[in-house]
Amino acid sequence: MYEPIRTKSVHRMADDDQTYPHRSREEELDIQLAGHLAALLAVTDELGDTQAGELIARQVARLRGAPPARQAGLSGSPARDLHQKAHALAGRALLVAASRADTAAAILAAERMDAHTAALTGETLVGAP
């Protein structure tokens with residue numbers, strides 16, 4: 001019924017003879033997390049939250065090994081839209097940080113999500129004692 005293949009296949013992948021460095025899963029997650037945090041930093045800077053911006057910039061610098069480029073480019077979007085965008089970006093960063101077990105980045109992302117939720121709902125955040 002079934003005859004096993006006894007000869008070597010004549011088919012091969014196009015990139016078989018090219019060697020290039022592959023990244024590990026951890027490296028890919030670092031790059032992804034740094035990207036989400038950098039995008040969050042841009043929105044945070046546009047909102048004018050310098051304290052949160054510095055915390056985010058430290059995490060980006062830790063992941064990338066260099067401080068992030070920061071600009072004061074304004075999109076002209078309403079603050080509500082910026083808070084919604086920042087909340088979504090912080091959520092993405094939280095997922096990646098949890099995936100790579102980066103506690104510091106996960107805590108920062110969760111705090112930013114809380115801050116943007118409070119800004120959207122008009123509530124005030126109560127700090128821990």
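Author: What follows is a short talk about salt bridges in this predicted model.

Reader: OK, how many salt bridges are there?
Author: The count is 5 salt bridges.

Reader: Which residue does Asp 30 pair with?
Author: Asp 30 forms a salt bridge with Arg 100, and the closest N and O atoms are 2.4 Å apart. Asp 30 is in helix H1, residues 25–47, while Arg 100 is in the loop between helix H3 (79–99) and helix H4 (103–121), so the pair ties together parts that are 70 residues apart in sequence.

Reader: Is Arg 100 buried or exposed?
Author: Arg 100 counts as buried, because its relative accessibility is 16% and the cut-off for buried is under 20%.

Reader: And which residues are in a network with it?
Author: Salt bridges link Asp 30, Arg 62, Arg 100 and Asp 102 in a network.

Reader: Moving on. What does Arg 112 meet?
Author: The side chain of Arg 112 meets that of Asp 49 in a salt bridge, at 3.2 Å from N to O. Arg 112 belongs to helix H4 and Asp 49 to the loop between H1 and helix H2 (50–64), so this pair ties together parts that are 63 residues apart in sequence.

Reader: How do those two count for accessibility?
Author: Arg 112 counts as buried at 11% relative accessibility, whereas Asp 49 counts as partly exposed at 27%.

Reader: Last one, what about Glu 28?
Author: Glu 28 has a salt bridge with Arg 23, at 3.6 Å from N to O. With 38% relative accessibility, Glu 28 counts as partly exposed.

How values were computed. Residues are numbered from 1 along each chain as its sequence is written. This is a predicted model: local features need pLDDT of at least 70, side-chain atom pairs count only at pLDDT 80 or more; totals for chains, interfaces and linings use all residues. Side-chain values use heavy atoms; hydrogens and water are left out. A salt bridge is a side-chain nitrogen of Lys or Arg within 4 Å of a carboxyl oxygen of Asp or Glu. Buried means under 20% relative accessible area, exposed over 50%, partly exposed in between (1.4 Å probe, protein chains only). Helices (H or I, at least four residues) and strands (E, at least two) are DSSP runs, numbered from the N terminus.
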